[in-house]
Amino acid sequence: MSSKHLKFTRLVFLGIFILSLHSCYSVRFVSINGDEQPDPLSSRTDYYRDMQVIELDTVITAKATTQDINYLIKESSDCKSGRIHTIEFRNTLGGVLLSAITFGRKRKVKIKYVCQLETN
Amino acid sequence: MASTIAHAKSEWDTLHHNGPFPLKTLYITELEGEGNLPDKFARYTDAAHEIQRLIQETKDAHQGFRAYGSRWSMNHIASHHDRMHYNGFMNMHIPTFATDMNANSNYHTDNVFFFQCGNTIKRVSEVLSAHGKSLKTSGASNGQTIAGCISTGVHGSGLDVGSVQDYVVGLNIITGPNPQDIVYLEPASKPALNDTFAQKIAGRIIRDDEIFKAALVSLGSFGFIHGVVIEAEDRFLLNRYVQKIPKKLALELSTTMDFANSSFKIPQEVDANGKPNRPYHYKVFINPYSKETDYVVEVMYKKPYQTPYPDPFPIIKESIYRDLIYVFIKIAEKFPKSIPWLIKRLRKTILPLNDLERVVTGTLPEIFWDAPYQGAAFACSFGVDHKDSAKALQVLTDLTVNEGPIPGIFAMRFVKQSEATMAFTKFPITCMLEIDGVLWKPNRRIMSLNQYGKRMIEELKKHNIPFTIHWGKNADWDHPGLVEHMFNPASIKSWQKSRAALLSPEMQELFSNHFLSDIKLKNQVTSPVIEPNDPIT
């Protein structure tokens, strides 16, 4: 391979690398009301310190007849109220490519969410 | 039935990593479901009995017990090396009605609210807002539990308002495992609720001014504060301004509190004669390493609630991105002399400079909204008479610059005197002079936080400036004679005597911790203090 080609290949890889960096991002939606469900046993040291965080990293497959995909938030020990307080959505290059390659049938879901503390 | 899970633990830490502190057992209690026990009083007393069961269990094991909420205190005041109880799920609100009011009460029925201990300031404010009401003041944020706030004396910067404990009008305290150990306590001179209400939640009613004032700031050692009765007020708006003003003027306002005759004037905030209004809140930010001739000040003026007003959240939500600071602190630990330079570079993230000339209007809970967790932090906070504020600031900034540098900046807030016996806001208007920053690791180039705390105490003493220290902040807490220096003997005696009136010697021991030992307030008073003719029903 000539040095010209090598340079070009490196540039392409560099471009893809930079593109992948920019295509990875997260957005956090936070309710202005209510307290987050606490987790007094948590030892996290990030934004979610003391919060009961549910992390979801999965691929949802849409049926041919399905237009909308609803992921249900149900009451559980980690989400006693069944109501969302904070949700962080993370987009990755892999997720975008998967959706593109499968024509939207497979959708990568990488989220963290915290439910509202039950009020009494 | 309320249920508790006991977790075996070896250590516990504060939210801001000021520990860790040793711990054997962590209790987490959850209320019985509302569907199973719909009556609020039944659910509340059910929880009280569960707490009593835990107290009995702890007593039988000859161990100690301490309740905590959001663990925002930055020292070991909330910790116990034996057993701790997490209160955050105990967050009931029990409505009170005109029929619940004491015949001698001067409180407006609509302003009296009853909350269980684990309600956060945010939740309390939401309940009040739903009734068109507001807290009179809060701390700088909203995550602390109501019981935690009053136990440590949380304050804002209300010149004429006071601290959180100053609008508490009644307390429901669990002082032991027996039926009569569930106490409803309120001042005899200002009763709020009647016996019928009190008997639904307590086995004993005490109306006593001295005991009530002592129990307001209890340092967590008057038993388990289960319920808090507060006096709210009509919802109001605050207009917030951030300005740069000459240092001399900022300090003149701090030492005189004379806003009406000051040259500090915000055109929209004047009276009919054009004289400046007295603000609700006044705060001064001080970078001890800056030679600038101005200080940044934050002032707020109270206004009647009315809609519409501009959405305050676009400005309030701008959380500070601190990750960069942590990188810088790592540099600072190795090269302390770089701290002034680093703080100068970071001034836009640690001072509200982006808010200059931007007016924000919002309710109290909107203005003092969420403070996201930002990592390991320290805060040292001294209370001095506002007349001494400039002198104390000079003394402490000189110390910080000459013997530091320390990675933090100073601020001054001003709070009306509290009636609580051991309130650190004990001066007519107390200036809370605080330095906040990021925790660092001491080495031969930079002194430890404890050494810094010790030197601050020594310098204030050397310059004869009377002071107190915020109970929930960092300090050299076992400094010899510290509490005796901060409070007069009568106050200390009254506080200890009142504690003994509520708690048996055995329960005094159970509800004591290392913090109480460090400040030498653990000493038991064994003689019963409540006299037969005291107004106790």
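Domain bounds here come from an automatic or database domain assignment. With that in mind, select domain 1 (3-234 + 496-518) and domain 2 (236-472) of chain B; their C-alpha centres lie 29 Å apart.

Before you click further: this is a predicted model, where local features need pLDDT of at least 70, side-chain atom pairs count only at pLDDT 80 or more, and totals for chains, interfaces and linings use all residues. Residues are numbered from 1 along each chain as its sequence is written, while chains are lettered from A and ligands numbered from 1 in the order in which they are written.

**Stop 1: where the domains touch.** Two residues are in contact if their C-beta atoms, placed from the backbone, lie within 7 Å. On that basis, 36 residues of domain 1 of chain B and 38 residues of domain 2 of chain B take part. Colour helix H2 (121-130) and helix H5 (209-216) of chain B: each supplies at least two residues to domain 1's side. Helices (H or I, at least four residues) and strands (E, at least two) are DSSP runs, numbered from the N terminus.

**Stop 2: helix H5(B).** Stay on H5(B) and show B:Ile211, B:Phe212, B:Lys213, B:Ala214, B:Ala215 and B:Leu216, which are buried. Buried means 20 or more other C-beta atoms within 10 Å of the residue's own (exposed is 12 or fewer, partly exposed in between), with C-beta atoms placed from the backbone. Since 6 of the 8 residues of H5(B) are buried, the helix is largely enclosed by the rest of the structure.

Zoom in on B:Ala215. Beyond its neighbours within four places in sequence, B:Ala215 is in contact with B:Leu171, B:Ile173, B:Leu185, B:Phe222, B:Ser498 and B:Leu502.

**Stop 3: strand E21(B).** Select residues 429-438 of chain B. Strand E21(B) has 7 of its 10 residues buried, so it is largely enclosed by the rest of the structure. Two strands pair if DSSP finds at least two bridges between them. Strand E19 (residues 377-385) of chain B pairs with E21(B) in the antiparallel sense over 9 bridges, and B:Cys380 stands opposite B:Ile435. Strand E20 (residues 408-416) of chain B also pairs with E21(B) in the antiparallel sense, over 9 bridges; look for B:Phe414 opposite B:Cys431.

**Last stop: chain A.** Bring chain A into view and find the 11 residues of chain A in contact with 17 residues of chain B.
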